[in-house]
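Morning, everyone. I have one structure to go through today, and I will keep it short.

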Amino acid sequence: MNWITNYVRPKISSMLGRRDVPDNLWIKCPETGEMVFHKDLEENHFVVPSSEYHMKMTASQRLTHLFDGDFEILENVDVTQDPLKFKDIKRYSDKLKDYRAKTGLEDTIVSGVGHVDDVKLVACVHDFSFAGGSLGMAAGEAIIKAFERAIEEKCPLVLFPASGGARMQEGILSLMQLPRTTVAVEMLKEAGLPYIVVLTNPTTGGVSASYAMLGDIHIAEPGAEIGFAGKRVIEQTIREKLPEGFQTSEYLLEHGMVDMVVHRHELPKMLARILRLFANTPAKLEEVLALPAETTHDNEAAETEVSSDEKAPAQDTQAAETDEAKS
């Protein structure tokens, strides 16, 4: 028995009131390696202040950041658990129990109904912390229910995918969610309602090959990884080095795969502005005032050209009348 280690040190620690430090008190920025205080990161909506790196958010954090105030959470539909009785190192049913205990969620999809800058919408969010945001039967049903609620409420739907793809433990039943959710997208479009996708990090696999790329508008958060197969898999397949920044939001914007890259802080306002354009409703005064000065000057110049063009025919008419009077 080591008397100093087993008795003296614990006694001194108890006298000094030493407390254990939580593991998540400081979070390391994946881009710069900087340590950021968790509370500061949370207040900044999980954007690292120095590097502007957008870290992952849970579904509840995403919905709270998106909606103006109170919002309604949609209940998930009960589906068959572990339909294939899948087992590898651990049984799939036991993995689901662990994920639920860790996250407090029933599955990876969380949907809500609320207002964003006074615009009513349904938001459907993947939570990457639950099985990597993978798409299974429960997730497919939750997505379809969100689309049905949007049609019922006659309001737009905004989807936030963050997924590694289909859930392999459910096999073909997982893959069947791809066409089912695609049908739900078509139902929303047939109802004449907007469907906007906000691509977050990461959006890959079958999710990116189906409903995540069928939106009317595709917005991406800065630096998000978006694609079907991973960069390493592609390089091993084609035996070539891929370009710098391949499969990032900025790369996809440059090559026409997404419509815009929007900072997380500006996302709610941008979504509301786009949806007001879809609904053909007037923009808010602050949105007009926020327009760049160049746009205002261009509009004034255009108005001047139009007014001069309108004056020109009148002057020509007066000159013609004068010539007729002289003759």
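**Cysteines, sheet and a surface patch**

There are 0 disulfides in this structure. Keep in mind that this is a predicted model. For background, a disulfide covalently links the sulfur atoms of two cysteines.

Now to individual cysteines. Are Cys29 and Cys155 buried or exposed? Cys29 has a relative accessible area of 2%, so it is buried, since the cut-off for that is under 20%. Cys155 comes out at 3%, and is therefore buried as well.

Next, the sheet. It is an open sheet of 7 strands with mixed pairing, and the order runs S3-S4-S5-S6-S7-S8-S9. The edges are strand S3, residues 72-73, and strand S9, residues 260-261. Each of these has a single partner strand, which means that one side of each has no neighbour in the sheet.

Inside that order, look at S5 and S6. Strand S5 covers residues 119-126 and strand S6 covers residues 157-160; the two run parallel and are joined by 4 bridges. Which residue of S6 is the bridge partner of Cys124? That is Leu159.

Last, the surface. Trp26, Met35 and Phe37 make a nonpolar patch of about 300 Å². Of these, Met35 belongs to strand S2, residues 35-37. Its relative accessibility is 43%, so Met35 is classed as partly exposed, the range between the 20% and 50% cut-offs.

To recap: 0 disulfides, Cys29 buried, Cys155 buried, an open sheet of 7 strands, and a nonpolar surface patch that includes Met35. That is all from me.

Technical notes: Residues are numbered from 1 along each chain as its sequence is written. This is a predicted model: local features need pLDDT of at least 70, side-chain atom pairs count only at pLDDT 80 or more; totals for chains, interfaces and linings use all residues. Side-chain values use heavy atoms; hydrogens and water are left out. A disulfide is a pair of cysteine sulfur atoms within 2.5 Å. Buried means under 20% relative accessible area, exposed over 50%, partly exposed in between (1.4 Å probe, protein chains only). Patches are made of residues with over 30% relative accessible area and no salt bridge: like charges are joined within 9 Å, nonpolar side chains (Val, Leu, Ile, Met, Phe, Trp, Tyr) within 5 Å. Accessible areas come from the Shrake-Rupley method with a 1.4 Å probe; for residues, only the protein chains shown count as cover. A salt bridge is a side-chain nitrogen of Lys or Arg within 4 Å of a carboxyl oxygen of Asp or Glu. Two strands pair if DSSP finds at least two bridges between them.
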